[in-house]
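Subject: Structure handover, with notes on what was found

Hello,

Please open the sequence and the 3D view side by side before reading on.

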Amino acid sequence: MLRENKTFRILFFAYGLSTLGDWFDFIAVSILLGFVWKADPMTMALLPIAYAVPGILLGQFAGVLADRVNKVKMIIVMNLIQAGTTLLLLAMPNPLWFLVVIALRSCASVFNDPAQQTLTRQVVCEHQLLQASSLNGAVFQMGKLIGPLLGGMVAAFFAPAICLMVNACSFLLSTVLLLPIRHVDKKPAAAKTETREKALPFHLAWKEGWGIFFQNRVLLFSTIFSLFAMMTIQLADAQLPVIFRDKVPLHPEMVGYSVSVIGLGALLTVTWLHRQKELRSYGWVLGGGVFLIGIGFTWIALYQPETSRFWLLAASLFAGVGTGLTTVGSNYLVQKETPKEALGRVRGIIDSLTSMTFIVAPLLGGWLMTVWGSSLAFLWVGSGIVSIGLFALLLQRFIWGNQKANATVVSEQAG
């Protein structure tokens, strides 16, 4: 049983603490910039860039490093850096310096994901990978659901600075939890892989990661599909407050309710996936998830103010179920299809490519909202997401091929 795996259990709780802290101070950062410093729109637009650019620049380097060093120690060092930079935010004199420190903190967080994913693959049995991925997905969605709510309450009743302090403490507690398993990479199999990677020059290890990525058609095609889907979803995702302002102008609380329902739908989905032993079809999970997200966005675009606000929440639930399917499905696919010794590099490549969508798509989405108006833009974007999902469902055999055959090839490579 996965719960009897002490190493994974510690890793899971440490990840949960740091994730909750991340979402806890997400609201505080927005409040400090928007309400305390009253930053102009252009400065506010720099916030997602400060979060995303480090992933583009450092994602692949972090992936190569995760395959070569002790993963737990890597996470511990990055946790300490994130705790320090979070406290440093309290001393920043103006918004621009604040954003610089946010970017520095994001640089450290870039190194955590490939180390976390690689370590999970290392300590979890093959047949428990789906359960592990769904548990990590569940804790992420719970952090997304609870963190902003608690963070908003603390920021409102006390001060945004308290949220930053709580986040710094969460990183420190996460570090303390990881200390008992800091030598897990000294096990014979892990040590053998680490020794082999260290003997390979850094640039050749990076090149080898790209070679594995391009040669594995499942990884390559899945990433291309995910990038198209993510790019399209991000066109609308950042503009949810805009369309809700037009659809229900007298009920601003609906934005918060909608985000919470999306998180609830995702949480219910990953809880269901946790009960499954494996994914029999990537196409139905990934394509179906994108299709449901598109249905949710299209439904919101077609909503009429005279109808019940319940339908907006129903649309959000569809989008949440789709989010849960795609999040767990994509993480499981990368874990399952990548050789153990190259997981960090492949994860770093995918993370760096994904980070690009978080810069380009919101800006393009804002332009579309301005030119077409919120309802028409949401309708076209939602329809585009539905089309991408249907495309994946209809052509899933071409995109993902025969999963049993692919699994055999990967196991041979890993051996």
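Predicted model: local features only at pLDDT ≥ 70, side-chain atom pairs only at ≥ 80, totals over all residues.

The protein chain is divided into domain 1, which covers residues 2–181, and domain 2, which covers residues 202–402. Where they touch, 33 residues of domain 1 are in contact with 40 residues of domain 2.

The size of an interface is often given as the accessible area lost when the parts come together. For domain 1 and domain 2 this buried area is about 3400 Å², and 66% of it lies on carbon and sulfur atoms. On the side of domain 1, the residues that lose the most area to domain 2 are Gln60, Arg121 and Leu130, which together make up 22% of what that side buries.

The interface of domain 1 and domain 2 also has 11 residue pairs in polar contact, with both residues at pLDDT 80 or more. Which helices supply the side of domain 1 that touches domain 2? Helices α2 (41–66), α4 (95–123) and α5 each supply at least two residues of that side, and α2 gives the most, with 12 residues. Sorted by class, the side of domain 1 that touches domain 2 has 15 nonpolar, 13 polar and 5 charged residues.

**The salt bridges**

The count of salt bridges comes to 6, and the count between domain 1 and domain 2 is 3.

One of the salt bridges joins the side chains of Asp113 and Arg347, with an N to O distance of 3.2 Å. Because Asp113 lies in helix α4 and Arg347 in helix α14 (residues 343–372), this pair ties together parts that are 234 residues apart in sequence. Are the two partners buried or exposed, or something in between? Asp113 counts as partly exposed, at 25% relative accessibility, while Arg347 is buried, with a relative accessible area of 9%.

A salt bridge is also formed by Glu208 and Arg345, whose closest N and O atoms are 2.8 Å apart. Glu208 lies in helix α8 (residues 202–215) and Arg345 in helix α14, so this pair ties together parts that are 137 residues apart in sequence. Glu208 is partly exposed, at 25% relative accessibility, whereas Arg345 is buried, at 1%. When you look at this pair, please look for Asp67 too, as Asp67, Glu208 and Arg345 are linked in a network of salt bridges.

Glu126 and Arg121 form a salt bridge as well, and here the closest N and O atoms are 3.7 Å apart. Glu126 is partly exposed, with a relative accessible area of 36%, but Arg121 counts as buried because its relative accessibility is 3%, and buried means under 20%.

Gln335 has its place in helix α13 (residues 310–337), and it is buried, with a relative accessible area of 2%. Which residues does Gln335 touch, if those up to four places away in sequence are not counted? They are Gln117, Thr120, Arg121, Leu129, Ser133 and Leu343.

Cys107 is found in helix α4 and is partly exposed, with a relative accessible area of 24%. Leaving out residues up to four places away in sequence, Cys107 touches Pro54 and Leu58. The C-alpha atoms of Cys107 and His251 are separated by 37 Å, and these two residues are 144 residues apart along the chain.

Lys144 is found in helix α5, which spans residues 129–157, and it counts as partly exposed, at 25% relative accessibility.

Best wishes

Note on methods
Residues numbered from 1 in each chain as written. Heavy atoms only, no water. Helix = DSSP H or I, 4+ residues; strand = E, 2+ residues; numbered from the N terminus. Buried < 20%, exposed > 50% of the residue type's maximum accessible area, 1.4 Å probe, protein only. Domains from an automatic or database assignment. Contact = heavy atoms within 4.5 Å. Buried area = accessible area lost by both parts, 1.4 Å probe. Salt bridge = Lys/Arg side-chain N within 4 Å of Asp/Glu carboxyl O. Polar contact = N/O pair within 3.5 Å; in protein donor to acceptor, adjacent residues only side chain to side chain. Nonpolar A, V, L, I, M, F, W, Y, C, P; charged D, E, K, R; others polar.
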